[in-house]
Amino acid sequence: MQRQAGARSAITRIRRGCGISLALLLGAVAASAQPSPAPAPQSAGLPAESVTVTGASSKAVNNFVQAAATPTHVIGKVARWESPICPYALGLPDDVTALVVQRVKDVALQTGARVSTNPVCKPNIVIAFTSTPQELLDNIRKDHREWLGYHSSSEELDRLGTVIRPIQAWYSTATMDLQGHREIDGSRTDGKGHGLIISGPCYLLGTTDGARARGNPFAICTKVMPNAIGVTVEGSRLADGLRATFDHVTIIANPLAVGARMATIQDYIAVVALAQINSLDKCQALPSITNLLAGGCTQVSTALTANDLGYLKAVYDANPEGVPGVQKNDIARRMEHGITGQ
């Protein structure tokens with residue numbers, strides 16, 4: 001209890017400043033050659049407040065998965081970490097941020113995600129605590145908007161560049177094919193890529209290439225597809241060989257606006273660091289830490305629940321190459337088996 005009380009008092013220290021500067025945040029990411037302070041020992045098991053669900057119906061589990069799972073923009077699959085995670089937290093005293101980082105690592109190991117053992121790894125999960133989250137996000141948008149995730153229009157960028165929750169995450173995702181080729185998911189119209197240039201019969205491409213195509217059904221045209229990527233896939237109705245992966249996750253938290261204990265905030269951050277949850281503003285029917293910031297929920301958990309852990313385990317156990325519908329069904333089946341033992 002003393003440690004938790006200390007953590008609560010540490011949160012209030014961010015009242016005195018205007019938040020985290022972008023230079024500090026970028027310095028933490030780029031110059032993480034300094035080993036993090038050793039965290040205090042923490043159990044890798046579920047907290048005492050966790051809810052063990054033994055009678056969740058198939059329908060309830062499926063509804064949970066359908067509400068939580070977020071498809072990526074390019075291939076429509078549920079992303080997960082393929083590379084080892086390297087979380088880094090800043091903005092609160094070192095002993096508090098060390099506990100946050102350790103909690104993310106502990107939950108990752110329970111779910112099957114890999115954790116980097118390199119003490120000077122480059123952070124791919126950055127957790128920033130600040131009392132001025134919009135100011136920090138504005139700076140990130142200005143200099144590193146790729147951290148905000150996929151956007152193909154100024155309207156989408158405006159939406160991504162707005163803080164709407166006291167704890168919010170932004171996901172940069174990538175697509176990996178059968179040969180291990182990995183490409184960041186993003187619009188190729190932003191000046192950072194050229195998409196694909198393909199050739200074929202003009203009538204199939206729906207384009208014309210000058211006089212050559214006029215009156216000639218065998219004319220060959222070229223077409224630029226600015227938002228396309230080239231991948232190697234397999235021909236199957238169940239799996240196509242493509243994987244959706246996380247490249248970088250940015251989490252900005254204003255704990256003063258949450259009104260919860262630091263242990264609760266840690267668990268919430270751990271979930272959104274390992275999976276992109278689509279239902280954070282809606283109440284899940286099953287008890288879940290993801291209900292924490294959703295309004296009017298009757299089942300608000302203050303710690304990671306068996307449902308949360310079951311979902312995360314299912315995401316990391318399911319076949320990542322399954323086509324979207326098959327992948328979601330696989331996640332639901334594994335989650336139900338994990339939390340009911342049946």
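So, H3 goes past H9 in a right-handed crossing, where right-handed says that the near helix is turned clockwise from the far one by less than a right angle, and left-handed is the anticlockwise case. This is a predicted model, so local features need pLDDT of at least 70 and side-chain atom pairs count only at pLDDT 80 or more, while totals for chains, interfaces and linings use all residues. Numbering runs from 1 along each chain as its sequence is written, and side-chain values use heavy atoms, with hydrogens and water left out.

Back to the pair. H3 is residues 58-68 and H9 is residues 306-317, and their axes come within 11 Å and cross at roughly 65°. Those axes are lines fitted to C-alpha atoms, for helices over the stretch in contact, with angles from 0 to 180 degrees between N-to-C directions.

Who touches whom? On the H3 side we have Phe64, Val65 and Ala68, meeting Asn307, Asp308 and Tyr311 of H9. Contact here is heavy atoms within 4.5 Å. Sorted by class, that contact has four nonpolar residues, one polar and one charged. For the classes, Ala, Val, Leu, Ile, Met, Phe, Trp, Tyr, Cys and Pro are nonpolar, Asp, Glu, Lys and Arg are charged, and the others, Gly among them, are polar.

H3 also meets H10, residues 324-340. Their axes come within 9 Å and cross at roughly 130°, which makes H3 oblique to H10. This crossing is right-handed too. From H3, Ser58, Val61, Asn62, Phe64, Val65 and Gln66 take part, and from H10 it's Lys328, Ile331, Ala332, Met335, Glu336 and Ile339. That contact comes out as seven nonpolar, three polar and two charged residues. Notice that Phe64 and Val65 turn up in the H9 contact and in the H10 contact.

Now H9 itself. Its twelve residues reach 16 Å from first C-alpha to last, close to the 16 Å expected at 1.5 Å a residue; the expected span is 1.5 Å times one less than the number of residues. Ten of the twelve are buried, so H9 is largely enclosed by the rest of the structure. Buried is under 20% relative accessible area, exposed is over 50%, and partly exposed is in between, with a 1.4 Å probe and protein chains only. H3, H4 (94-111), H8 and H10 are among what covers those buried residues.

With 0% relative accessibility, Leu312 counts as buried. Beyond its neighbours within four places in sequence, Leu312 contacts Val107, Thr111, Val271, Leu274 and Ala275. Its C-alpha is also 9.1 Å from that of Ala113, 199 residues away along the chain.

Val271 and Leu274 take us to H8, where both are buried. H8 covers residues 262-274, and its 13 residues should span 18 Å, which agrees with end C-alpha atoms 18 Å apart. Twelve of the 13 are buried, so H8 is largely enclosed as well.

Zooming out, the chain has ten helices and seven strands, taken as DSSP runs numbered from the N terminus, with helices being H or I of at least four residues and strands E of at least two. Of its 342 residues, 48% count as buried. And among contacts between residues at least 6 apart in sequence, 74% join residues at least 24 apart.

Key
Parallel < 35°, antiparallel > 145°, perpendicular 65-115°, else oblique.
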